[in-house]
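Reader: I would like a close look at one part of this chain, the packing of a pair of helices. Please give the cut-offs as you go.

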Amino acid sequence: GIVLLSTGDSDAALKSFQNAIDVDASYFESYAALGALQAQRENNEEAEKTLKRAVDLDGTSIEARFNYGLVLLKLGRLQEARAEWEEVLVEHPDEPNATAALKFTDSKKNEAA
């Protein structure tokens, strides 16, 4: 799937990631990649389910947890998104993407206040 994605064939990559999951439902990398691709395509409801599974399989993955938070934010679930990024920062306090995402959500909370 990754090779197909790198060639620009995202439809084939999507199928490849799904096939890998069908073969091995515990294959974290396929869930993480499929969820990221679904999010990129703005298929946020599906991405939320897929990335949740990725995080359940490997809660230590910075990328999966960060992407899951982004999808939650797109779905309007600000507090859940923040919780994901805060979890990243527990293990990786200097992680720049999670730090920036929290600052962004802080600014959104201030705008709403």
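Author: Axes here are lines fitted to C-alpha atoms, for helices over the stretch in contact, and angles run from 0 to 180 degrees between N-to-C directions. Helices are DSSP runs (H or I, at least four residues), numbered from the N terminus. The axes of helix α5 (residues 62-74) and helix α6 (residues 78-91) come within 7 Å, crossing at roughly 165 degrees. An angle over 145 degrees counts as roughly antiparallel, and α5 and α6 are therefore roughly antiparallel to each other. Their crossing is left-handed (the near helix is turned anticlockwise from the far one by less than a right angle).

In the contact (heavy atoms within 4.5 Å), α5 supplies Ile62, Arg65, Phe66, Tyr68, Gly69, Leu70, Leu72 and Leu73. From α6 come Leu78, Glu80, Ala81, Glu84, Trp85, Glu87 and Val88. By class, 10 of the contact residues are nonpolar, one is polar and four are charged; Ala, Val, Leu, Ile, Met, Phe, Trp, Tyr, Cys and Pro count as nonpolar, Asp, Glu, Lys and Arg as charged, and the others, Gly among them, as polar.

This is a predicted model, in which local features need pLDDT of at least 70, side-chain atom pairs count only at pLDDT 80 or more, and totals for chains, interfaces and linings use all residues. Residues are numbered from 1 along each chain as its sequence is written, and side-chain values use heavy atoms, with hydrogens and water left out. The chain averages a pLDDT (the predictor's confidence in each residue, from 0 to 100) of 88, and 88% of the residues score at least 70.

Terms used:
Helices (H or I, at least four residues) and strands (E, at least two) are DSSP runs, numbered from the N terminus. Angles under 35 degrees count as roughly parallel, over 145 as roughly antiparallel, 65 to 115 as roughly perpendicular and the rest as oblique.
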